[in-house]
Amino acid sequence: MVRKRLSIQLALVLLLTALVPLAGVGFLTLRLIERSVTEQVTKNHDQVATSAGALVRDYIKDATTKLKSIAQMIRKDEDPQEQTRRLNSLLDPPDIFLEVTYRSGKNLEVQAQVQQLEYNSVLNKGSFGNRAGNSKVNQQVATWGPDSPILNCAANGMPYAADTIEKVGLFPALPISVPAPGGAVITANLDFRPVSQILASIAGAEPRVLILSNPATGILSTSRDQFLPVYPRSSYRGLAEDVLASSRDFSALPEYVELTRPMGHAQWTISVREPRSVALAPLREARRQALFWLGVAAIFALALAPLLATRVLRPVKALARTADALGRGDLAARTGISREDEIGQLAIAFDRMAAAVQQIDSMKSEFVAHVSHELRTPLTSAKMALANVQEGLTGKESLVRVQEDLDRLIRMVNELLDVARIEAGLVLAKQSIDLGALVRTAVETLRPIARVPLEVRGSGETFELDSARVQQIVVNLVDNALKYAKSRVDVEVRGREVRVTDDGPGVPPEHRERIFEKFSKVETGPKPPGAGLGLSIARKLAQLQGGTLACEGNTFVLRLF
């Protein structure tokens, strides 16, 4: 149950580790895309509004220029009927002007006036919605006095374009005026219907809408007739009539994005409106793609997290099983994991530890066997010698053999104690000693038991070392050489190096390292005495001194640093 919970926890951690960065990247990506798309939409709408405003201004400017040309053709002293015919010729065929009026005199009275036929028909019959058709359409023309801006500005030599639209039936018109020769004034109603077409040409395909507005009076023109879907087509007589009748509230329209820019005439503005769903369609598509790929990544994370958790926990379980087997005494158990990652390195280290434990156990068994054998032999010999003495079969000779067996036991116990001290961490007592003098002292302790000539030559340096342990090494090496020597043993001191040489059979090259292992013996002649611990102890003591001990066949070389 604990392992299952650990698997679930690990899977959740891996899942969160994968999903949280993905979610963060997705969120940031969406924010960047949203900002980019919004900026692009704003830039596009700004370009559209600027272009539309320029075209509407050009339309009014061209009309003013054309009206100035008409003013240059009017002759002040010409008969009014002739002036009217001249103006008629300028409006036939129908032009951008719905009507043109020539005013002169002190009070700028009407001298000549012409209208397009369709416009004139509306003026005579009455407005749309007047079923009787017996009332004239009211015009601002009749109410313009000399102080009206349209007349006053032109009389002072400045062109004028109104900031409001005059509506005659279905005809939206913009009053404009220009000065004429002799202080006269030419006024005209500019047909405003083409402005809707201009806006439509710039707006492009539906559902984008361009709206020309006057903040004071409301909407002046739009780019399409069906901009107000909340009104059924049958309930109004055209967008121009509705737009000019009142300023509509577009809150009933679907949610849209809007950008408004000044048009450059009076206080007029041009607004670009587009449903948010259309304007931000790339953003919606980007969100859809981002959510799709985030979902795919989440599915992969959901699928891979348990697999990865299993892959991580499988070797852990193998390690646990192997540790349990080792605890039960199966020292040959191994994980069997072969991987190159950190878990694989852990498994290799664990197997190496298990192999070391097995080796230690084997060494323990071997140690017990060797010690038991080495102890049993002298004890058995001493027991038999004492039995012979008790029975009167032998005398002093048996006691001498018992003494030798006891000495052998004491020496082996001392060696075992030395091994235990070294492995437990022996502390050295170093002092400044002459190596040559120390070696000679050690050799002299063995000279009484030497059966072959024993010679010491050379001189050594004086440096920091543990004299007792170095003496123990030298005694061990010289004693070992005396056991195998045939005719002589030579000890040579060279600075910080001691060389012990005998003329015995020597150690074969393949055994020169193994002889330093505990309980290791190399039989090159008669069976060597001892438990096989002396050389092992000597090398460990040399290493504790910071030196080395090596075998070169018949010579053992001790180097101290």
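Predicted model: local features only at pLDDT ≥ 70, side-chain atom pairs only at ≥ 80, totals over all residues.
Glu 166 belongs to strand β4, which covers residues 166-168. What does the side chain of Glu 166 contact instead? A polar contact of 3.2 Å joins the side chain of Glu 166 to the side chain of Asn 189. Asn 189 in turn sits in β6, where it is the bridge partner of Glu 99.

Strand β1 (residues 97-104) pairs with strand β6 (residues 185-191) in the antiparallel sense, over six bridges. How much of β1 is buried? Eight of its eight residues are buried, so the strand is largely enclosed by the rest of the structure. In a regular strand, side chains alternate between the two faces of the sheet.

Strand β1 also runs antiparallel to strand β2 (residues 109-115), and six bridges join the two. At one of these positions, Ser 104 stands opposite Glu 109 in β2. Together β1 and β2 form a hairpin with four residues between them. Within the turn, Gly 105 has a positive phi of about 95°. The loop between β1 and β2 also holds Leu 108, whose phi is positive, at about 50°, although Leu 108 is not a glycine. Is Leu 108 buried or exposed? Its relative accessible area is 7%, under the 20% cut-off, so Leu 108 counts as buried.

Ala 266 is found in the loop between β9 (256-262) and β10 (269-275). Because its relative accessibility is 48%, Ala 266 counts as partly exposed.

Turning to charged residues, a search of the whole structure finds 17 salt bridges. Side chains of opposite charge can pair when their charged atoms come close. One of the salt bridges is formed by Asp 46 and Arg 261, with the closest N and O atoms 2.5 Å apart. This pair links distant parts of the chain: Asp 46 lies in helix α1 (residues 2-73) and Arg 261 in strand β9, 215 residues apart. Asp 46 has a relative accessibility of 26% and so counts as partly exposed. Arg 261 likewise counts as partly exposed, at 31%.

Another salt bridge connects Arg 193 with Asp 191, and here the closest N and O atoms are 2.8 Å apart.

Glu 461 lies in the loop between β12 (454-460) and β13 (462-465), and Arg 496 in the loop between β14 (489-495) and β15 (497-502), so the pair ties together parts that are 35 residues apart in sequence. Glu 461 is partly exposed, with a relative accessibility of 38%, and Arg 496 is partly exposed at 30%. Salt bridges that share partners also join Glu 497, Arg 499, Glu 552 and Arg 559 into one network.

Which residues form a nonpolar patch with Leu 307? Phe 300 and Leu 304 do, and the three residues together have about 330 Å² of accessible area.

Pro 282 also lies in helix α8. Its relative accessible area is 48%, so Pro 282 is partly exposed. Between the C-alpha atoms of Pro 282 and Val 37 the distance is 7.1 Å, although the two residues are 245 residues apart in sequence.

Technical notes:
Residues numbered from 1 in each chain as written. Heavy atoms only, no water. Patch = residues over 30% accessible without salt bridge, like charges linked within 9 Å, V, L, I, M, F, W, Y side chains within 5 Å. Areas by Shrake-Rupley, 256 points an atom, 1.4 Å probe, with all protein chains shown as cover. Salt bridge = Lys/Arg side-chain N within 4 Å of Asp/Glu carboxyl O. Polar contact = N/O pair within 3.5 Å; in protein donor to acceptor, adjacent residues only side chain to side chain. Buried < 20%, exposed > 50% of the residue type's maximum accessible area, 1.4 Å probe, protein only. Pairing = 2+ DSSP bridges.
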